[in-house]
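Notebook open, model loaded. I want to look up how the pieces of this chain sit together, one entry at a time.

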Amino acid sequence: MDFISEDGYEVKFGMEEEYQQWVIDHAAELRKAMPQGMEYIGTYVMTWGNELDKGSWRDLFRLDSYAALDGLAAASKDAENPFGR
């Protein structure tokens, strides 16, 4: 059974288009940088909903187990990993 993790955040006002282009340009890198047991599904912007306090930008990840979260934590701290940048 897979698990889906959704992380929310905000992008600085006025930088939305630049960030969108960065995500488009680096999506393949992000997918390759995922630790074992994880898959980067994609990024989207929340336009309607009742959880805007969690951020209007969201990243989706597929995990093959809860243990895969440990790999995500390590990758996010690694400045050499595109995910950590």
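Is Arg62 buried, exposed or partly exposed? At 29% relative accessibility, I put Arg62 down as partly exposed. My cut-offs: buried is under 20% relative accessible area, exposed is over 50%, and partly exposed is in between, with a 1.4 Å probe and protein chains only.

Ground rules before I go on. This is a predicted model, where local features need pLDDT of at least 70, side-chain atom pairs count only at pLDDT 80 or more, and totals for chains, interfaces and linings use all residues. Residues are numbered from 1 along each chain as its sequence is written, and side-chain values use heavy atoms, with hydrogens and water left out.

**Entry: salt bridges**

I searched the whole structure and got 3 salt bridges. To count, a side-chain nitrogen of Lys or Arg has to be within 4 Å of a carboxyl oxygen of Asp or Glu.

I looked at Asp2 and Arg62, whose side chains meet in a salt bridge at 3.6 Å, N to O. Asp2 lies in the segment before strand S1 (3–9) and Arg62 in strand S3, so this pair ties together parts that are 60 residues apart in sequence. (Strands are DSSP runs of E, at least two residues; helices are runs of H or I, at least four; both are numbered from the N terminus.) Asp2 comes out partly exposed, at 45% relative accessible area.

Arg62 also forms a salt bridge with Glu39, with the closest N and O atoms 2.7 Å apart. Glu39 lies in strand S2 and Arg62 in S3, so here the parts tied together are 23 residues apart in sequence. I noted Glu39 as partly exposed, at 38% relative accessibility.

Then I checked Glu6 and Arg58, which meet at 3.3 Å, N to O. Glu6 sits in S1 and Arg58 in S3, so the pair ties together parts 52 residues apart in sequence. Glu6 is partly exposed at 37%, but Arg58 is buried, with a relative accessible area of 1%.

**Entry: the sheet**

Which order do the strands take? I read S1-S3-S2, an open sheet of 3 strands with antiparallel pairing. S1 and S2 are the edge strands, each pairing on one side only. Pairing needs at least two DSSP bridges between two strands, and S2 and S3 are joined by 7.

Which residues of H2 (68–77) are buried? I found Ala68, Leu72 and Ala75. Seen down the axis of H2, they fall within an arc of 65 degrees, so they line one face of the helix. (The arc is that of the directions from the helix axis to the C-beta atoms.) The face turned away carries exposed Asp70 and Lys77. Among the things covering the buried residues are S2 (38–45) and S3 (57–63), where contact means heavy atoms within 4.5 Å.

Ala68 and Leu72 turned up again in the largest nonpolar core, which has 10 residues in all. Such a core is a set of buried Ala, Val, Leu, Ile, Met, Phe, Trp, Tyr and Cys residues joined through side-chain atoms within 4.5 Å. Helix H1 (16–33), S2, S3 and H2 each give two or more residues to this core, and H1 gives the largest share, 3 residues.
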